[in-house]
Every structure is written in structure tokens, then in C-alpha cells.
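User: I would like to learn how to read features in a structure like this one. Where do we begin?

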Amino acid sequence: MINQGGAKTWPIVSGTFVLVPNTKKAEQKQAVEFFKWAFEHGDKAAESLGYIPLPKSTKNLILKYLSNNGF
């Protein structure tokens, strides 16, 4: 469901994927390190651009997935 009203809703929803070939370990590491940094430091930048930062619970699920899968 998209374009829902309310102060705590996401008015527009779109999936985003980051694909890095399994054979490029250096690029995988760089991508994961970027997302870890962005999750820690990116909320203010997202808000300044009119975006709603991801909830901490969502970030934690993503980081758990990465950790459980050898990233």
C-alpha cells in the first residue's frame, strides 16, 4: 500500500537492491562498509533531503542478515 496518510507513514514505497557479484569480494566488502556507515551516519542527510530514515529495527535486520551471510 502506497501513499498512505499520517505523520508516521511512508508516502511512497519502492524497493531498492544492491547486487554485487559473488566473485568480487573487495567490492562486496566496500558495499557492506558503506551501508554500515550510512546506517550509522545517514539519518540527518536523509531527513535534509526530505526522506524518512529507516527505522533502527529495519537497519538491525539488514545488518543481522549481512552478518549471518558472511559479510
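Analyst: Start with burial. Buried means under 20% relative accessible area, exposed means over 50%, and partly exposed lies in between. Asp 43 has a relative accessible area of 30%, so Asp 43 is partly exposed. Keep in mind that this is a predicted model.

User: Asp 43 forms a salt bridge. Which residue is the partner, and how far apart are the closest N and O atoms?

Analyst: The general idea is a distance test: a side-chain nitrogen of Lys or Arg within 4 Å of a carboxyl oxygen of Asp or Glu. Here the partner of Asp 43 is Lys 59, and the closest N and O atoms are 2.7 Å apart.

User: Is Lys 59 buried or exposed?

Analyst: Lys 59 has a relative accessible area of 8%, so it is buried.

User: How many salt bridges does a search of the whole structure find?

Analyst: Two. Besides the Asp 43 pair with Lys 59, Lys 36 forms a salt bridge with Glu 33, with the closest N and O atoms 4.0 Å apart. Both Lys 36 and Glu 33 lie in helix α1, three residues apart, about one turn of the helix. Lys 36 is partly exposed at 31%. Glu 33 is partly exposed too, with 41% relative accessibility.

User: Now the aromatic rings. What describes a pair?

Analyst: A pair of aromatic rings is described by the distance of the centres and the angle of the planes. The structure holds two aromatic pairs. In one of them, Phe 34 and Phe 35 are 5.3 Å apart, centre to centre, with 75° between the planes. Planes over 60 degrees apart count as edge-to-face, so this pair of Phe 34 and Phe 35 is edge-to-face.

User: What are the centre distance and plane angle for Phe 35 and Phe 39?

Analyst: The ring centres of Phe 35 and Phe 39 are 6.2 Å apart and the planes are at 55°, so this pair is tilted. Both residues lie in helix α1, four residues apart, about one turn of the helix. Ring pairs link Phe 34, Phe 35 and Phe 39 into a cluster.

User: What does Gln 28 touch, leaving out residues up to four places away in sequence?

Analyst: Contact means heavy atoms within 4.5 Å. With those neighbours left out, Gln 28 touches Val 20, Pro 21, Asn 22 and Phe 71. Gln 28 lies in helix α1, which spans residues 25-41. At 7% relative accessibility, Gln 28 counts as buried.

User: How far apart are Ala 31 and Val 20, in sequence and in space?

Analyst: They are eleven residues apart in sequence and 8.2 Å apart in space, C-alpha to C-alpha. Ala 31 is in helix α1. Its relative accessibility is 18%, so Ala 31 counts as buried.

Methods:
Residues are numbered from 1 along each chain as its sequence is written. This is a predicted model: local features need pLDDT of at least 70, side-chain atom pairs count only at pLDDT 80 or more; totals for chains, interfaces and linings use all residues. Side-chain values use heavy atoms; hydrogens and water are left out. Helices (H or I, at least four residues) and strands (E, at least two) are DSSP runs, numbered from the N terminus. Buried means under 20% relative accessible area, exposed over 50%, partly exposed in between (1.4 Å probe, protein chains only). Rings of Phe, Tyr and Trp (its six-membered ring) pair if their centres lie within 6.5 Å; planes under 30 degrees apart count as stacked, over 60 as edge-to-face and the rest as tilted.
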